[in-house]
Amino acid sequence: MPERPGNGGPTIGIVGLGRLGSALRSVCRDDGTDVTLTASRRTGWSVDAVPDVLVDASAPEAHPQVLDYCATHRVALVACVSNLTDTQWKALEELAGAVPVVRATNLSFAHYLQTRIAEFTAALTTGRFAATTTVRERHPLGKAHRPSATALALADTWAAASGRTVADIADERAGLPVSEHELTHTWDGESLHVRHHVGSWTVPAWGALAAADWARAAQPGVVTMRTVYDDLTARSTR
């Protein structure tokens, strides 16, 4: 049995050593969190010990192996791959009958605040104060799919809170890493822009570590980062 990390956090497994996976590995090193498993397309799976939580930052092709490992070893999962098929999402839900699964469309705490602001705004922009609302997202060239999963989720958040769909979702492929997501409310002669900008992969990496720490003690089931941050912020204000 491996020793518990000196910081008291979970031991981590990282599947996918691209930009997010590599940033998470670096963050774990800085935080004193033990990484007991890594896996990538180039190097295969390397396991020193079964981790408390597996963070999947790979690609849809690795999904069957990730789910099989978590089911076999009863390991909690932070699922960061957004472009899964309907069949793969269903398989993820089936896994959640046995282990905790965090569906992490966006890992950033500031994005969580952006969604909370959207809900607050939706409650006030009704009747004579109703606005035309749009979503814009920007990623560098090479982003796998568009609009981004975060942009679609932001539009869904607005629709659920306001009862109104956004008028448009604009996507742009240009500029530097990592991303921008903006919710704009427009009235006659004025507008309100709630923009979230991420300039480093360290940001989502810290979010993945927070999600892993939360998932280690969670009950089986699927939750989103909204649930994770709701719980973590509630604990910090008690």
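The expected span of a helix is 1.5 Å times one less than its number of residues. In this predicted model, helix 5 has 14 residues and reaches 20 Å from its first C-alpha to its last, which is close to the 20 Å expected at 1.5 Å a residue. Helix 6, with 15 residues, can be treated in the same way, and its reach of 21 Å is close to the 21 Å expected.

The buried residues of helix 5 are A149, T150, A151, L154, A155, T157, W158 and S162, and what covers them includes helix 4, strand 7, strand 8 and strand 9. An α-helix has 3.6 residues a turn, so residues three or four places apart point the same way.

T105, in the loop between strand 6 (100–103) and helix 4 (109–124), touches A149, T150 and A153 when residues up to four places away in sequence are not counted. T105 is partly exposed, since its relative accessible area is 34%, a value that falls between the limits of 20% for buried and 50% for exposed. Although T105 and M225 are 120 residues apart in sequence, their C-alpha atoms are 7.6 Å apart in space.

**The nonpolar cores**

M225 is also one of the residues with the most contacts inside the largest nonpolar core, a set of 29 residues in which I12, L24, V55, V78, V102 and L107 are likewise named for their contacts. At least two residues of this core are supplied by each of strand 1 (12–15), helix 1 (19–31), strand 4 (53–56), strand 5 (76–79), helix 6 (202–216) and helix 7 (225–236). Which element gives the largest share of this core? Helix 6 does, with seven residues. Buried residues in helix 6 include P204, A205, G207, A208, L209, A211, A212, W214 and A215.

For I12, leaving aside neighbours within four places in sequence, the residues in contact include L209 and A212, together with C28, V53 and V55. A second, separate core has 19 residues, among them A39, L84, L92 and A96.

**Helix 2 against helix 3**

Two packed helices are described by the angle between their axes and the distance between the axes. For helix 2 (residues 63–73) and helix 3 (residues 86–95), the angle is about 5° and the axes are 11 Å apart. Angles under 35 degrees count as roughly parallel, and helix 2 and helix 3 are therefore roughly parallel to each other. Their contact is made by H63, L67, C70 and A71 of helix 2 and by Q88, A91, L92 and L95 of helix 3; these residues divide into six nonpolar, two polar and no charged.

**Backbone angles in the loops**

Most residues other than glycine have a negative phi, and most peptide bonds are trans.

|---|---|---|
| R146 to P147 | about -5° | between strand 7 (132–139) and helix 5 (149–162) |
| P177 to V178 | near 10° | between strand 8 (168–173) and strand 9 (179–187) |

R74 is not a glycine, yet its phi is positive, about 55°. R74 lies in the loop between helix 2 and strand 5. Is R74 buried or exposed? At 58% relative accessibility, R74 counts as exposed, because exposed means over 50%.

Note on methods: Residues are numbered from 1 along each chain as its sequence is written. This is a predicted model: local features need pLDDT of at least 70, side-chain atom pairs count only at pLDDT 80 or more; totals for chains, interfaces and linings use all residues. Side-chain values use heavy atoms; hydrogens and water are left out. Axes are lines fitted to C-alpha atoms, for helices over the stretch in contact, and angles run from 0 to 180 degrees between N-to-C directions. Helices (H or I, at least four residues) and strands (E, at least two) are DSSP runs, numbered from the N terminus. Angles under 35 degrees count as roughly parallel, over 145 as roughly antiparallel, 65 to 115 as roughly perpendicular and the rest as oblique. Contact means heavy atoms within 4.5 Å. Ala, Val, Leu, Ile, Met, Phe, Trp, Tyr, Cys and Pro count as nonpolar, Asp, Glu, Lys and Arg as charged, and the others, Gly among them, as polar. A nonpolar core is a set of buried Ala, Val, Leu, Ile, Met, Phe, Trp, Tyr and Cys residues joined through side-chain atoms within 4.5 Å. Buried means under 20% relative accessible area, exposed over 50%, partly exposed in between (1.4 Å probe, protein chains only).
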